[in-house]
Amino acid sequence: MDNIKNYVQENKERFINELIELLKIPSVSADSAYAQDVINTAEAVKASLDKAGCKHIEICETPGYPIVFGEHIIDASLPTVLVYGHYDVQPPDPMELWTSPPFEPVIKTTEIHPDGAIFARGACDDKGQMYMHVKAFEYMIASDCLPCNVKFMIEGEEEVGSKSLSWFVERNQEKLACDVILISDTGMISNQQPSITTGLRGLSYVEVEVTGPNRDLHSGLYGGAVANPINVLTKMIASLHDENNHITIPGFYDKVEELSTAERAEMAKAPFVLENYKKALDIADVHGETGYSTNERNSIRPTLDVNGIWGGYTGEGAKTVIASKAFAKISMRLVPNQDWEEITELFKNHFESIAPKSVKVTVKPHHGGQGYVTPIDSIGYKAANKAYTETFGVQAIPVRSGGSIPIVALFEKELKSKTILMGFGLDSDAIHSPNEHFGIFNYLKGIETIPLFYKYFVELSK
């Protein structure tokens with residue numbers, strides 16, 4: 001392991017160029033127009049594992065997009081690390097807000113990334129972070145210092161709910177058997193202060209449709225006499241929060257875990273400057289549930305947000321019309337103990353109950369997943385902390401993330417293994433947004449740190 005820094009520096013340009021080539025493929029799983037690109041990306045991931053020295057690689061067909069599975073067993077008596085990642089990416093829209101084309105990667109310097117960052121869709125989420133593991137594995141094979149067995153499971157549907165992954169895991173428990181699961185699809189506090197994500201929120205995602213008259217109507221002839229679905233929908237959505245930004249759905253908070261004062265105090269140790277947070281987002285003030293800090297609101301508390309809303313005429317100029325229909329997409333981030341299917345049903349029942357008789361309401365569930373918490377006294381956590389401490393010079397801080405990786409809870413249920421979330425991205429990397437990017441420092445630091453996790457996990461497992 002002593003030569004990892006030299007190996008990274010000697011191969012720096014190649015590592016960057018290989019990632020850039022992967023980022024050029026528009027593997028947008030949410031849009032069927034990119035279906036062949038998604039499949040091509042799976043082939044590219046397979047080829048990269050083969051080039052890195054993995055003994056056995058296959059593309060496993062599923063009801064949806066394929067899963068790339070790799071396996072390198074050196075001794076059945078040694079521990080096995082299962083690496084999970086995803087090769088699909090979010091849609092790039094809105095295109096006009098990108099400063100460079102989303103699938104034409106470019107390196108730019110920023111205040112946070114003086115060494116440069118790769119700007120492209122998927123740079124941080126999750127191609128860049130997934131590819132760190134491929135390159136870390138390459139180093140361990142090339143240097144003959146791989147201390148245990150490794151399996152790779154790289155999927156193509158994470159951004160649309162990982163439905164096929166659930167199908168695959170349930171049918172391949174023996175194939176995927178492992179001692180720990182390692183994922184880099186999260187972030188860290190800063191380039192000076194690493195952190196390990198110990199909690200993830202769950203997710204319930206729904207689409208609602210409000211229907212009024214059987215056709216679009218003239219707003220002069222019918223306005224004031226017939227319900228406007230857009231007006232009704234916005235009122236219904238507005239009623240989902242009270243004056244304290246508390247969600248009003250009956251039963252929504254019944255199973256929400258209330259953290260102790262001591263636990264909240266430990267979380268508060270993470271460096272956070274509110275003014276810097278506001279400045280970075282160009283907002284005058286923060287917003288959220290009364291009684292909780294900003295970092296608590298986006299990690300240990302559940303939320304409900306409208307992700308999109310539409311209906312009626314939105315083209316250039318004016319058209320005086322009362323739309324027949326109005327739509328919205330709504331996501332709820334959930335905390336551990338909240339069951340996403342139960343919350344989806346609570347939302348559906350409540351939303352239908354508050355609709356006036358003048359409209360019809362349909363609630364369509366899309367996807368969801370459970371929240372997750374991993375203990376900080378596990379061998380996996382301790383190994384990750386030792387790895388970060390060695391490469392960054394400071395211990396990692398345990399944090400709970402506001403994001404969701406629904407399959408983590410599935411992994412524990414089906415594979416009976418704990419997951420360690422070793423992220424190297426930053427909150428400012430604009431994942432899911434225009435101008436997504438991933439720092440060169442972060443990418444290379446990940447490649448440098450990951451082999452140390454293997455080393456310490458094996459040592460601590462003895």
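1. A residue is called exposed here when its relative accessible area is over 50%, buried when that value is under 20%, and partly exposed in between. The structure under discussion is a predicted model, and the remarks below should be read accordingly.

2. Asp282 deserves a look for its backbone. Its phi is near 55 degrees, a positive value in a residue other than glycine. Asp282 sits in the loop that runs between α9 (274–281) and α10 (294–297).

3. Is His432 exposed, partly exposed or buried? With a relative accessibility of 38%, His432 falls between the limits of 20% and 50% and therefore counts as partly exposed.

4. One runs from Asp93 to Pro94, with omega near -5 degrees; Pro94 belongs to the loop between β3 (80–86) and β4 (106–108). Another cis bond joins Asp125 to Asp126, with omega near 0 degrees. Asp126 is placed in the loop between β5 (117–119) and α4 (127–142).

5. The second largest pocket has a volume of about 280 Å³. Which elements each supply at least two residues of its lining? They are α8 (261–267) and β16 (397–400). Among the lining residues are Glu263, Glu266 and Met267, together with Pro398, Val399 and Arg400. The lining also includes Thr198, Leu259, Val373, Thr374, Pro375 and Ile376. Sorted by class, the lining of this pocket comprises seven nonpolar, two polar and three charged residues.

6. The structure holds three cavities of 30 Å³ or more, and the largest cavity has a volume of about 50 Å³. Residues that line the largest cavity include Gly251, Phe252, Asp254 and Lys255. Asn337, Gln338, Asp339, Glu342, Ile343 and Leu346 also line it. By class, this lining has three nonpolar, three polar and four charged residues.

7. How are helices α5 and α13 oriented towards each other? Helix α5 (residues 163–171) packs with helix α13 (residues 407–415) at an angle of about 15 degrees, and their axes are 10 Å apart. Angles under 35 degrees count as roughly parallel, so α5 and α13 are roughly parallel to each other. The crossing in which α5 passes α13 is right-handed.

8. The last point concerns Lys462, which is found in the segment after α14 (440–461). Its relative accessible area is 82%, which lies over the 50% limit, so Lys462 is exposed. Lys462 and His72 are 390 residues apart along the chain, and their C-alpha atoms are separated by 20 Å.

Notes
Residues are numbered from 1 along each chain as its sequence is written. This is a predicted model: local features need pLDDT of at least 70, side-chain atom pairs count only at pLDDT 80 or more; totals for chains, interfaces and linings use all residues. Side-chain values use heavy atoms; hydrogens and water are left out. Helices (H or I, at least four residues) and strands (E, at least two) are DSSP runs, numbered from the N terminus. Buried means under 20% relative accessible area, exposed over 50%, partly exposed in between (1.4 Å probe, protein chains only). On a 1 Å grid over the protein atoms alone, a cavity is a set of points where a 1.4 Å probe fits but cannot get out, and a pocket is an open set with protein on both sides within 12 Å along at least five of seven lines; lining residues have an atom within 4 Å of a point. Grid points are joined across faces, edges and corners, and a volume is the space filled by probe spheres set on the points. Ala, Val, Leu, Ile, Met, Phe, Trp, Tyr, Cys and Pro count as nonpolar, Asp, Glu, Lys and Arg as charged, and the others, Gly among them, as polar. Axes are lines fitted to C-alpha atoms, for helices over the stretch in contact, and angles run from 0 to 180 degrees between N-to-C directions. Angles under 35 degrees count as roughly parallel, over 145 as roughly antiparallel, 65 to 115 as roughly perpendicular and the rest as oblique. A crossing is left-handed if the near helix is turned anticlockwise from the far one by less than a right angle, and right-handed if clockwise.
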